[in-house]
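Visitor: Hello! Could you walk me through this protein, one question at a time?
Guide: Gladly. Let's look at it together.

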Amino acid sequence: MKVLALSGSNADNSFNEKLLRVIMKNLDYKYDFDFATVKGLPMFKEGVEAPQNVLDLGKKIENADMILIGSPEQQHSVTSALKSALEWLSSSVHPFHNKPVVIVSTSPMPQGAARSQTRLKSILAAPGFSAHVFNGDEFMMGFAPKQFDEEGHLTEEGTLKFLKHFFDEVDDWYAQLVK
């Protein structure tokens, strides 16, 4: 299965990008991963044609079997960079139509960007998306600075074990979805 891991952060040292990279490294035996980021995309501007880098991201989304979004939290919502990218992708092109989407998140705060996930699910239910969003177990990891070592590996073996369990549930959901 081709999975696009999409970082919703424009931070230089993104914990959510680190989380996506951990997932990509530890689950590469079961998924064919590609990576993309919203970092560097221009802010959405209504009435303007989407720039090439947005169209390229749309193509990557279209070509994937499933999208895995690492969604940081800012002000109890998704980042402005992710929201802007989604605005482009729901107005200029529509690559999320019937696309399976899984959301994970991490944050320095204890709740692990839970509100970001809730807000993102709401956004993906809006017209222009028509995505199929995984709503089983949720993966949100709090206290992000303590969760990674200097090389970007998870410090707790139990977290990796839960991630594998989480993606077993995702696989079951995906199999039912494409049946």
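Guide: One definition before we start: helices are DSSP runs of H or I with at least four residues, numbered from the N terminus. Keep in mind, too, that this is a predicted model.

Visitor: Which residue meets Lys-59 in a salt bridge?
Guide: A salt bridge needs a side-chain nitrogen of Lys or Arg within 4 Å of a carboxyl oxygen of Asp or Glu. The N to O distance is 3.4 Å, and the partner is Glu-62.

Visitor: Is Glu-62 buried or exposed, or something in between?
Guide: Buried means under 20% relative accessible area and exposed means over 50%. Glu-62 has a value of 40%, so the residue counts as partly exposed.

Visitor: How many residues apart are Lys-39 and Asp-12?
Guide: These two form a salt bridge, with their closest N and O atoms 2.9 Å apart. Lys-39 sits in the loop between β2 and α2, while Asp-12 sits in the loop between β1 and α1. The pair therefore links distant parts of the chain, and the separation is 27 residues.

Visitor: Which residues are linked with Lys-30 in a network of salt bridges?
Guide: Start with the bridge between Lys-30 and Asp-168, whose closest N and O atoms are 3.1 Å apart. Asp-168 is in helix α6 and Lys-30 is in the loop between α1 and β2, 138 residues apart. The network that includes Lys-30 also holds Asp-168 and Asp-171.

Visitor: Which helix supplies the largest share of the lining of the largest pocket?
Guide: This pocket has a volume of about 220 Å³. Of the 15 residues that line it, those closest to the centre are Val-22, Glu-151, Gly-152, His-153 and Leu-154. Two helices, α1 and α6, each supply at least two lining residues. The largest share, 6 residues, comes from α1.

Visitor: How many residues in the lining of the largest cavity are charged?
Guide: The largest cavity holds about 40 Å³ of space. Among the residues lining this cavity are Lys-121, Asp-137 and Glu-138. The lining divides into 2 nonpolar and 3 polar residues, and the number of charged ones is 3.

Terms used
Residues are numbered from 1 along each chain as its sequence is written. This is a predicted model: local features need pLDDT of at least 70, side-chain atom pairs count only at pLDDT 80 or more; totals for chains, interfaces and linings use all residues. Side-chain values use heavy atoms; hydrogens and water are left out. On a 1 Å grid over the protein atoms alone, a cavity is a set of points where a 1.4 Å probe fits but cannot get out, and a pocket is an open set with protein on both sides within 12 Å along at least five of seven lines; lining residues have an atom within 4 Å of a point. Grid points are joined across faces, edges and corners, and a volume is the space filled by probe spheres set on the points. Ala, Val, Leu, Ile, Met, Phe, Trp, Tyr, Cys and Pro count as nonpolar, Asp, Glu, Lys and Arg as charged, and the others, Gly among them, as polar. Buried means under 20% relative accessible area, exposed over 50%, partly exposed in between (1.4 Å probe, protein chains only).
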